Amino acid sequence: MTRFQKVVFAVVFALSGLALALRVADVPGQVVFVVAAVAVAGLAWALGEATVQAGESAGPRASALLNASFGNLPEVVILVLAIDAGLTDIARASIIGSVLGNVLLILGLALLLGGWRHGIQTFNERVAATNSSMLVLGVIGLGIPTLFHALETDVSSELVLSRWTAGALLLCYFAYLYFSFTSPGLHFADESGEMTWSRTQAIVLLAATALATGVVSELLVHSIQPTIDAWGIPRAFIGLIVVPFIGNVAEHFSAVKLALANRVDFAMGIAYGSGIQISLLASGIAVFASMVIGNEVALVFDPLQLAALGAAAIASTLIARAGETNWLEGLQLLVIYFVVAVAFWLL
Amino acid sequence: MPGLGSLPAVTRSLNRFEVISVAVAAAGAAAAAALALVGAANTLVFLVSALALVALAWIVGVATEQLGESAGPKVGGVLNATFGNAAELIITIFAIRAGEIDVAKASITGSILGNTLLVLGLSFVIGGLRNGIQTFNQQVAGMNASMLALAVIGLGIPTLFERVGGHADVQAISDVTAGILLLLYVLMLVYYFRTPAGGSKLREDHPQPHWSARLAMVLLLASTGAVAVISDVFVGTLSQVIADLGISAVFLGLIIVPLVGNIAENIVGIKIALQNDIDFSMLVSLGSSMQIALGVAPMLVFISLATPHSFDLVFPAIQVIALVAAVFITALIAADGESNWLEGAQLVAVYAIIATAVWYL
């Protein structure tokens with residue numbers, strides 16, 4: 001373990017403990033929210049580190065699979081807990097918000113900073129093409145039940161349609177995973193990092209961080225309502241912008257770091273991969289988890305949020321199709337994100 | 001051009017099959033007509049007439065091809081463009097005549113969705129699993145995709161005006177739009193025949209026809225006539241099927257009717273993809289979609305003037321949105337000049353989700 005990792009892990013676990021203590025001490029919800037938010041952001045990063053290290057000892061395939069499943073664990077945990085807490089509108093908004101955050105904010109920031117430093121950056125068009133059409137599939141999948149809802153407000157058939165759609169999207173996600181692992185030229189190897197942790201250390205830390213993520217996410221979710229009451233933040237804004245941002249902070253850092261190192265392929269891989277994972281996998285998990293919880297959620301979204309998602313998919317597709325990026329394209333994505341955020345703040 | 005060598009094999013291998021399918025079609029058609037006359041159970045008549053139509057549509061397609069081969073590529077192209085979707089056109093005309101306007105409209109969108117999502121998707125999946133990454137002519141595919149986008153815009157505008165502009169004269173907008181789409185269809189045919197790299201030229205150096213022109217002509221006329229008769233029977237069962245089986249008119253029109261009119265063609269498209277001629281396979285599926293959107297739909301607007309029911313280009317909003325989604329993802333996938341099984345799976349997934357939504361609607 002490097003010195004930096006040791007410090008960050010210590011800070012993250014300390015913050016998690018602090019959040020728990022604050023909750024037990026019954027301090028106002030918004031304070032718990034802020035501490036828990038910082039802790040979750042840190043845990044998301046720690047989880048990423050632990051996953052990489054655990055993967056290194058397990059070989060490249062297992063590593064990619066681990067990354068694919070743990071990459072968005074905090075988002076998925078928050079999503080399921082929010083459904084459990086009855087905050088279904090925030091849960092739904094956070095699915096869309098997370099995709100928006102990935103393809104607009106993270107990608108935009110990476111392209112802006114990377115392009116500013118390196119000029120025009122090129123990437124593997126084939127990978128980007130697969131990713132962007134996969135993302136469009138996710139948007140269509142999330143859009144159709146909403147459309148259906150607008151025409152037919154019969155709740156039971158809406159839930160059935162949601163289940164089938166979620167099943168189809170999950171199936172596509174696994175096909176996508178299988179495809180990326182088996183197709184030569186499409187699978188891009190992970191950074192071959194040096195294995196600095198022992199296997200036991202990696203697994204123990206992975207388990208500990210995952211557990212802490214669960215606990216702190218629970219604290220976070222339960223302080224959402226008090227925070228809304230105390231500060232008057234619009235609900236849609238919390239779900240669409242704030243909650244996804246907390247889960248995505250770690251991805252911001254790695255994507256920007258990679259883009260600054262002129263590895264825009266990897267940066268795009270993170271942003272798209274994460275967006276695809278949320279729209280195909282996390283949404284499916286949300287539907288089936290909510291069935292188990294007993295508070296079933298349909299994949300019916302706010303039409304405005306869905307429109308924002310459609311715009312994001314189109315804009316990022318156009319960029320993925322060009323085969324090269326520059327800072328102006330990054331700026332365009334950021335502007336779209338900014339306008340969407342302002343719109344939902346004022347809504 | 002890749003894969004042209006495989007074409008003679010396609011045609012010849014069907015030879016024995018053709019005899020059987022003509023027999024099946026004739027028997028099916030006779031059975032359907034007989035069952036309808038003796039007043040058999042409605043669902044039975046529906047199923048038998050559907051099967052007969054599948055076989056007949058297949059014969060129409062083969063006969064058109066054979067006649068085209070003996071008449072030369074230009075006439076063959078015109079024939080294909082006219083009779084390629086003859087079965088569907090006839091079924092839809094009878095549906096309009098019987099007042100099943102919902103079914104007729106849904107069958108138009110359903111045909112386009114089925115061709116661009118299901119058939120193309122299955123072609124990509126099956127071809128990609130067998131042949132890995134398949135490449136196709138980007139220019140032709142791009143043009144087809146943009147043409148299809150244009151067709152969808154054309155079909156969408158009357159709907160949009162009906163929705164937003166409360167006082168718009170929808171019938172007039174429909175008529176004019178239909179005229180423009182038809183004109184565009186003719187222009188597209190002219191373009192294909194005059195451009196050496198045009199899509200239909202893929203099939204220029206044809207094998208020798210193995211049917212005589214007279215046989216092909218007779219079979220074409222006979223099967224087209226039979227399609228008309230059986231369509232009448234088939235359409236007559238629809239309203240009862242809706243009531244008996246609890247299938248909605250929209251599902252019937254969007255999924256079942258296009259399958260009946262198209263399935264033979266669909267199998268051909270998938271088979272060609274298996275032989276790694278993805279160019280030709282795309283031509284079959286996207287070309288058929290364009291024929292429906294630019295040819296069949298506007299023709300129906302004018303033909304419906306001769307029936308007591310009027311057919312305009314105003315579609316239910318969900319169908320137009322489904323079309324837009326389908327065309328968007330197809331254009332995206334066609335734009336890069338290569339396909340793989342995952343892209344195919346994406347198209348099939350969109351189709352499956354739309355079909356599920358319509359089923360529960």
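Student: Is A:His149 buried or exposed?
Tutor: The model is predicted, so local features need pLDDT of at least 70 and side-chain atom pairs pLDDT 80 or more, while totals for chains, interfaces and linings use all residues. A residue is buried if 20 or more other C-beta atoms, placed from the backbone, lie within 10 Å of its own, exposed if 12 or fewer, and partly exposed in between. A:His149 has 20 other C-beta atoms within 10 Å, so its class is buried.

Student: Which helix holds A:His149?
Tutor: Residues are numbered from 1 along each chain as its sequence is written, and chains are lettered from A and ligands numbered from 1 in the order in which they are written. Helices (H or I, at least four residues) and strands (E, at least two) are DSSP runs, numbered from the N terminus. A:His149 sits in chain A, in helix H6.

Student: Which residues does A:His149 contact, leaving aside neighbours within four places in sequence?
Tutor: Contact needs two C-beta atoms, placed from the backbone, within 7 Å. A:Val136 is 13 residues from A:His149 in sequence, and their C-alpha atoms are 20 Å apart. Beyond four places in sequence, the contacts of A:His149 are A:Glu158 and A:Val300.

Student: At what angle do H6(A) and H13(B) cross?
Tutor: Axes are lines fitted to C-alpha atoms, for helices over the stretch in contact, and angles run from 0 to 180 degrees between N-to-C directions. The axes of H6(A), residues 125-151, and H13(B) come within 10 Å. Their crossing angle is roughly 5 degrees.

Student: What orientation do H6(A) and H13(B) have to each other?
Tutor: Angles under 35 degrees count as roughly parallel, over 145 as roughly antiparallel, 65 to 115 as roughly perpendicular and the rest as oblique. H6(A) and H13(B) cross at roughly 5 degrees. Therefore H6(A) and H13(B) are roughly parallel.

Student: How many residues of the contact of H6(A) with H13(B) are nonpolar?
Tutor: On H6(A) the contact residues include A:Ser133, A:Leu137 and A:Phe148, and on H13(B) they include B:Glu343, B:Gln346 and B:Val350. Ala, Val, Leu, Ile, Met, Phe, Trp, Tyr, Cys and Pro count as nonpolar, Asp, Glu, Lys and Arg as charged, and the others, Gly among them, as polar. The contact has 4 polar and 1 charged residue, and its nonpolar count is 12.

Student: Which helix supplies the largest share of the side of chain B that touches chain A?
Tutor: In total, 23 residues of chain B contact 27 residues of chain A. H12 (317-334) and H13 (341-360) of chain B each give at least two residues to that side. By class, that side has 18 nonpolar, 3 polar and 2 charged residues. The largest share, 12 residues, comes from H13(B).

Student: Which chain A residues does B:Ile329 contact?
Tutor: A nonpolar core is a set of buried Ala, Val, Leu, Ile, Met, Phe, Trp, Tyr and Cys residues joined through C-beta atoms within 7 Å. In the largest one, of 248 residues, B:Ile329 is among the five that touch the most other members, along with A:Ala36, B:Leu53, B:Leu56 and B:Val350. Beyond four places in sequence, B:Ile329 touches B:Gln346, B:Leu347 and B:Val350 in chain B, and in chain A it touches A:Ser133, A:Val136, A:Leu137 and A:Ile140.

Student: How is H2(A) oriented relative to H10(A)?
Tutor: H2(A), residues 29-56, packs against H10(A), residues 235-260, at about 45 degrees, with axes 7 Å apart. That angle makes the pair oblique.

Student: How many charged residues are in the contact of H2(A) with H10(A)?
Tutor: H2(A) contributes residues including A:Ala37, A:Trp45 and A:Gly48, and H10(A) contributes A:Ile246 and A:Phe253 among them. The classes are 9 nonpolar, 2 polar and, for charged, no residues.

Student: Where is B:Leu79, and is it buried or exposed?
Tutor: B:Leu79 lies in H4 (residues 73-83) of chain B. Its contacts beyond four places in sequence are B:Thr64, B:Leu67, B:Gly68 and B:Ala71.

Student: What is the phi of A:Asp26?
Tutor: Most residues other than glycine have a negative phi. A:Asp26 lies in the loop between H1 (3-24) and H2 of chain A, and its 8 C-beta neighbours inside 10 Å make it exposed. Its phi is positive although it is not a glycine, at about 65 degrees.
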